[in-house]
Amino acid sequence: MNNIIIGIILIFVVLLIILLTFCLRIVPQTQVYVVERLGSYRASLGAGLQILMPFVDSVVNKVSLKENVLDYEPQPVITRDNVTIQVDSVVFYQVTDAKLFTYGANQPIRAIQQLTATTLRNIIGEMDLDATLTSRDMINGKITKILDEASDKWGVKVNRVELKNILPPPAIQNAMEKQMKAERERREAILQAEGRKKSEILIAEGEKQAQILRAEAEKEQAILKAQAEKEKQVLEATGEADAILLVQKALADGIRMLNEAAPSEQVLTLKSLEAFAKAADGKATKLIIPSQIQGIAGLAAALKDVVKE
């Protein structure tokens, strides 16, 4: 009897464990479990411990709320000028509604992929090759807007779309490389020509400045020389004037002293003789002496002899 009771208890424990296994669910963070009850949608269970009704409730989808990336293979796209290019795109999306993501479309990820390819063909088909290569940001913005609006009913938020690479045909690539090479050579030639032009302008300006500086230096030197010559002449004239003034002053002092001494007629006669003697020291070869002075000259010679004795 005891063995039967123990067996029943064990069976009950096992059934309880199995029941708890079916009833309890631990939902991880950033995930949502979509639960159906008898085939109908019941709830979207968030993170934490969740209880289900065994054999009635079932988890039909486990949806991640993290941002996901769809990296597509390069696809051929024809531009408006009939050039076939290979476009490699990447889509960044995030599930915002687990219920719509589960029931909104049969395969929402595939639907986004197909919609991305179709939108790329429509947008690039209206553009030339050159515009396509230089308008990636515009293309990314247009595709993101169209996909975001279309995926709302699927519970998906398209954050952004990026064109990883745009590959033209090999012939077009070679032509573009040649064009870029020619453009680089043209820019290089322009830069060299501009450099030579600027160099010549700088040299000419430098020579012009040098000539101006030399002319200004010569002008200043001539002005200084003229000022020095003028000052020299002024000094010489001043010296001559001072010398004349000194001579005249000496003569005036001599006359004054002579007047003060009240000289006799004989002294005046002797001074006259001295003046004639000085006049005779010049280059004149003839000297005319008045007759009155001749007698005085004899008297002066006699007085000289008396002084010597």
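**Exercise 1.** Determine what share of the contacts in the protein chain with a separation of 6 or more comes from residues 24 or more positions apart.

*Solution.* Contact is taken as heavy atoms within 4.5 Å. On that basis, residues 24 or more positions apart account for 61% of the contacts with a separation of 6 or more. The model is a predicted one, in which local features need pLDDT of at least 70 and side-chain atom pairs count only at pLDDT 80 or more, while totals for chains, interfaces and linings use all residues. Residues are numbered from 1 along each chain as its sequence is written, and side-chain values use heavy atoms, with hydrogens and water left out.

**Exercise 2.** Work out which residues of helix H5 are buried and how they are arranged about its axis.

*Solution.* Next, apply the cut-offs, buried being under 20% relative accessible area and exposed over 50% (1.4 Å probe, protein chains only). The buried residues are Ile139, Asn140, Ile143, Thr144, Leu147, Asp148 and Ser151. Viewed down the axis of H5, they fall within an arc of 150 degrees (directions from the axis to the C-beta atoms), so they line one face of the helix. Lys145 and Glu149, on the other side of H5, are exposed.

**Exercise 3.** Identify the elements against which the buried residues of H5 pack.

*Solution.* Among the partners are two strands, S8 (84-95) and S9 (156-167); strands are DSSP runs of E, at least two residues. The helices H3 (108-124) and H4 (129-134) complete the list.

Methods:
Helix = DSSP H or I, 4+ residues; strand = E, 2+ residues; numbered from the N terminus.
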